[in-house]
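You asked for comments on this model before it goes further. The points are set out one by one, so that each can be checked against the coordinates.

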Amino acid sequence: MKKKKILFIIPKICNGGAERRVVFLANEFSKLDYQVSLLSFWDTNDEYPLNDSIKRIHLWKKLRFNHHASDKLRTINLFFIINKLRPKVIITMHPPVAYMVKVAGFLNHFKLVDLLEVSPNSIKDITTRIKGWNRANKVFLQCDKQLSYMPNHIKSKCVVIGNPVADSFINTAHTYKNEITNFISVGRLDIEKNHELLINAFNKAYLKNNKISLTIYGKGPLKEKLINLRNRLGLENVITFIDRSNDMPNTYNQYDAFILSSNFEGMPNSLLEAMAVGLPSISTDCDTGPSDLIDKETGILVDINNIDQLANAILSYANNPLNAEKLGKKGKTKISINYNQKEIISKYSNEINRLFLD
């Protein structure tokens, strides 16, 4: 029996939770009854690892223009690739890519799926996005709040499925301590993650409790600026920057609590994973994502850009470790039940199989 052909097409496969979600799905589908290919537009370092059975296609190598290739050249090359592979389902991550794929694949019959990776409310070029969604057969959202922001004529195509959390996070048993001093934050050092808020709030909390420390994992264009801010505040021995970890479950387990300071998110993987390990978590209340995960029983939500609220949340964990432990344990239970990879992959597979039957 021939395997069902799926082609993932995304700009790159590194450096973000959205890309990690795609790679996770591709790897899991390759273990099932699917023949999986994955194409990326750009050359990047530190790519997320793919299973050996996945056919890897580097469009930039074919074009020899790296990521400066025009959309016209990409579309022409996509035409030949799609015509050769003849996938039944093509999954993209950005609606502009979905639009390009639909144009390139006009001679082939396939179902087009788009994965929404951010809050629709934060999309600047919504017109281009809608063009892509108009051509998609399905749009996979990450939470119900995202659905509320979608254009009405697109909602019938939308399916809400949360991000999957790998078993390695859920199976990690967090070791709770008698005091909470070591905080961790994980995310790209870009403007939307608002690490400036995090550093300023942590400074305010540190002035009241000098036992606490913070480690920020992530790379990005704002790293030098953020290090300079830390140094101006005299927090060189309090806040540490680390580019990445190759074992995030155990890395989370080395810390006492987690902080997310973003201005906006789709569904934050770092928050999901930290809660899955069992870390008491604090997050800004972005318009989508964190409020699906955190309520009064599973963590602390603070207003976006509110230094005082974030500083007070940090101190509340440091000053009341027993309550923090209670929140961390309930958060872990919630993620383990609702976002485990078996449950999520089953939902994705059921929806994809319906497309093969149409």
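Predicted model: local features only at pLDDT ≥ 70, side-chain atom pairs only at ≥ 80, totals over all residues.

1. Residue numbers count from 1 along each chain as its sequence is written.

2. Helices α13 and α14. Helix α13 covers residues 307-319 and helix α14 covers residues 321-338; the two pack at an angle of about 105°, with 5 Å between their axes. Because angles of 65 to 115 degrees count as roughly perpendicular, α13 is described as roughly perpendicular to α14. On the α13 side the contact is made by Tyr317, Ala318 and Asn319, and on the α14 side by Pro321, Ala324 and Leu327. Sorted by class, this contact of α13 with α14 has five nonpolar residues, one polar residue and no charged residues.

3. The second largest pocket. The space in this pocket comes to about 150 Å³. It is lined by 14 residues, and those closest to its centre are Ile161, Gly162, Asn338, Tyr339 and Lys347. Helix α14 and helix α15 (341-357) each supply at least two residues of the lining. Of the elements involved, α15 gives the most, with three residues.

4. The largest cavity. Rolling a probe the size of a water molecule over the atoms shows where empty space is left. The structure holds three cavities of 30 Å³ or more, and the largest cavity has about 70 Å³ of space. Its lining includes His174, Thr175, Tyr176, Lys177, Glu179 and Ile180, along with Asp256 and Pro280. By class, the lining of the largest cavity divides into five nonpolar, two polar and four charged residues.

5. The second largest cavity. Here the space is about 40 Å³. The lining is made up of Lys5, Ile6, Leu7, Gln35, Ser37, Leu85 and Pro87. Strands β1 (4-10) and β2 (34-40) each supply at least two of the lining residues, and β1 has the largest share, with three residues. Four residues of this lining are nonpolar, two are polar and one is charged.

6. Asn203. Is this residue buried or exposed? Asn203 has a relative accessibility of 15% and therefore counts as buried, the cut-off being under 20%. Asn203 sits in helix α8 (residues 195-206). Leaving aside residues up to four places away in sequence, Asn203 touches Leu233 and Leu235.

7. Residues with positive phi. Arg86 has a positive phi of about 50° and lies in the loop between α3 (71-85) and β4 (89-92). Asn305 has a positive phi of about 65° and is found in the loop between β13 (300-302) and α13. With 52% relative accessibility, Asn305 counts as exposed, since the cut-off for that class is over 50%.

Terms used
Heavy atoms only, no water. Axes fitted to C-alpha atoms, helices over the stretch in contact; angles between N-to-C directions. Helix = DSSP H or I, 4+ residues; strand = E, 2+ residues; numbered from the N terminus. Parallel < 35°, antiparallel > 145°, perpendicular 65-115°, else oblique. Contact = heavy atoms within 4.5 Å. Nonpolar A, V, L, I, M, F, W, Y, C, P; charged D, E, K, R; others polar. 1 Å grid on protein atoms, 1.4 Å probe; cavity = no way out; pocket = protein on both sides within 12 Å on 5 of 7 lines; lining within 4 Å. Points joined across faces, edges and corners; volume = space filled by probe spheres on them. Buried < 20%, exposed > 50% of the residue type's maximum accessible area, 1.4 Å probe, protein only.
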